[in-house]
Every structure is written in C-alpha cells, then in structure tokens.
Amino acid sequence: MELTKFQKLMLAVLAGMLALFSVLMAVLRARPGVLFEESLLKITVQDGRTVYSGRAHGDPVSIAVTFPTNFERDVEYTIGSEIHDVCRVFYPTERIQTEHGDSVGGILVTKNGETLFEGGYDPEAEFGFYDENGEWTPSAGLGVRAHVSGDPWYGYETTAAGAVRFAFGPDTSARGDPALFGMAVFLTALLALEIVFHKTLFRWRHWAARDPEPSEGYLVLERAGWAVFAAVIAVVYVAAMTEIY
C-alpha cells in the first residue's frame with residue numbers, strides 16, 4: 001500500500017504528538033505535589049520539618065509543618081506578603097463519644113492563638129469532624145468564599161480542616177490525567193487507521209456500489225478532516241497534561 005506525502009506527513013505528526021506527550025506525561029506523573037488553591041506545592045523535608053512550597057494565584061506560598069511534641073503539630077502559612085497564619089493542632093486529646101455510638105480522638109485547632117475548632121476527629125473520614133457533644137460537623141471541613149475579579153485571595157481564610165490536612169500529611173497529586181491521556185491515545189490510533197486505510201473504509205461505507213472510488217473533491221475534504229481531527233487530538237493531549245489528578 002503506497003501512501004501519499006500528505007498521509008506520511010499526518011502520520012508523522014501523530015507519531016510526534018504521541019511521543020512528545022507520552023514523555024511529558026511520564027515526567028509530570030513522576031513529580032507529585034500537594035494540591036492547594038488549584039496549584040501544586042512541592043514537598044521538602046528540612047531539619048525535621050516538612051515544607052510545602054510553590055506558587056498559587058501568582059503569589060509565593062509556603063506551608064511549614066513542625067512537630068514540637070508527639071501530640072502537637074504546628075502549621076505555619078505564609079502566602080505572599082499579606083497572609084501569615086500559625087495554626088497549632090493538638091491530637092489526640094480526651095476522646096469524644098459520637099452520635100454514632102463509637103468514640104474518636106479529641107482535637108484542638110488554634111489559629112494565631114485563638115481556638116479555631118475543638119471537638120472530635122476521625123482521621124479515616126474525609127469530613128470526620130465532630131463537635132464537643134459528639135455530633136457530626138462536616139462544615140468544619142469546608143471553606144466557602146466568593147471570588148472578586150482582580151483579587152484571587154479575597155475572602156480566603158485558613159480553615160481547621162486545612163490545618164489538619166497539612167498537619168497529618170496530605171495526599172499527593174500530579175499533573176496529567178491518565179484517563180484523558182488514554183482517550184487521546186485512542187483517538188490518535190483511530191485517526192492513524194483512518195489515514196492508512198481510508199480507501200478501504202470508503203469502500204466499506206459504499207459497499208452497495210460497484211467499484212466505488214472517492215472523488216478528488218471528497219479526498220480534499222477528507223484530508224481537511226484529518227487535519228481538524230489532529231488539532232482536536234492535540235487539544236485533548238494538552239488538556240490531559242494540565243489536569244491535576
């Protein structure tokens with residue numbers, strides 16, 4: 001089967017995209033970080049403390065966690081030049097009987113010397129906060145704020161859940177969505193098959209006709225469609241690289 005120059009060019013473009021984005025995907029997935037304000041913070045351990053650092057909304061961010069005692073973890077937030085919060089997480093304190101009939105360790109979270117949250121905490125649950133009476137309090141794990149144009153930090157507040165998350169070691173994420181990348185690879189293979197076997201596929205679609213052959217006008221439109229489809233695939237690849245997963 002002899003391929004035209006345009007077919008060879010399109011296959012080379014597809015192969016190049018596949019190779020380039022496969023390398024990028026491997027590199028990005030090998031560099032995990034911690035998700036904070038839609039950005040990834042890198043993790044470093046220095047002199048017995050863990051530091052999460054990077055940039056968010058264009059400002060430098062540093063979240064340093066130290067361990068003064070076995071029952072205390074200090075979390076220091078420094079965001080740009082405007083936000084500096086020091087949170088202390090004491091856990092476990094006296095156990096609390098929950099409304100579900102079991103008990104969880106008590107927890108006390110302070111921010112800049114003032115109590116931010118006091119109650120019970122279940123580290124195995126995503127919103128495992130209970131008030132002092134043992135009632136489930138999922139709102140302690142939520143932070144809601146409005147966004148104002150030109151000020152991405154408007155309404156930002158360091159929450160108890162955020163401090164607890166960093167105090168106990170947050171889950172890591174990385175750029176690059178494997179599922180979206182897999183879809184892009186599938187579309188690449190699909191387009192490559194269409195390019196190589198386009199005449200065979202044309203005959204299958206027009207099986208009822210005798211010796212069907214595509215016209216020159218059809219081939220021009222088909223080549224344009226390949227280019228558009230390749231551009232769409234490139235967009236999917238880029239989206240897969242930028243997603244945090």
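The model on your screen is predicted, with local features needing pLDDT of at least 70 and side-chain atom pairs pLDDT 80 or more, while totals for chains, interfaces and linings use all residues. Residues are numbered from 1 along each chain as its sequence is written, and side-chain values use heavy atoms, without hydrogens and water.

**The aromatic rings**

A search of the whole structure finds 14 aromatic pairs (rings of Phe, Tyr and Trp, the last by its six-membered ring, with centres within 6.5 Å; planes under 30 degrees apart are stacked, over 60 edge-to-face, the rest tilted). One of them joins Tyr 77 and Phe 166, edge-to-face, with 6.1 Å from centre to centre and 85 degrees between the planes. This pair links distant parts of the chain, since Tyr 77 belongs to strand β5 (residues 72-79) and Phe 166 to helix α2 (residues 160-167), 89 residues apart (helices, H or I of at least four residues, and strands, E of at least two, are DSSP runs numbered from the N terminus). Tyr 77 counts as buried because its relative accessibility is 1%, and Phe 166 counts as buried at 2% (buried is under 20% relative accessible area, exposed over 50%, partly exposed in between, with a 1.4 Å probe and protein chains only).

Now select Tyr 91 and Phe 168, whose ring centres are 5.4 Å apart and whose planes stand at 85 degrees, so this pair too is edge-to-face. Tyr 91 lies in strand β6 (residues 83-97) and Phe 168 in the loop between α2 and α3 (178-196), so that the pair links parts of the chain 77 residues apart. Tyr 91 is buried at 16% relative accessible area, whereas Phe 168, at 32%, is partly exposed.

**The helices around α3**

Turn next to α3 and helix α5 (residues 216-242), whose axes come within 8 Å and cross at roughly 165 degrees (axes are lines fitted to C-alpha atoms, for helices over the stretch in contact, with angles from 0 to 180 degrees between N-to-C directions). The two helices are therefore roughly antiparallel (over 145 degrees; under 35 is roughly parallel, 65 to 115 roughly perpendicular, the rest oblique). Among the residues that make the contact are Phe 181, Leu 187 and Glu 194 of α3, with Trp 226, Phe 229 and Tyr 237 of α5 (contact means heavy atoms within 4.5 Å).

Zoom in on Glu 194, which is found in helix α3 and is buried, with a relative accessible area of 19%. Glu 194 and Trp 226 are 32 residues apart in sequence, but 8.5 Å apart in space from C-alpha to C-alpha.

Where they meet, look for residues including Met 10, Leu 14 and Phe 21 in α1, and Phe 181, Val 185 and Ile 195 in α3.

**Stepping back**

Finally, show the whole protein, in which there are 5 helices and 9 strands, and where buried residues make up 35% of the 245 residues.
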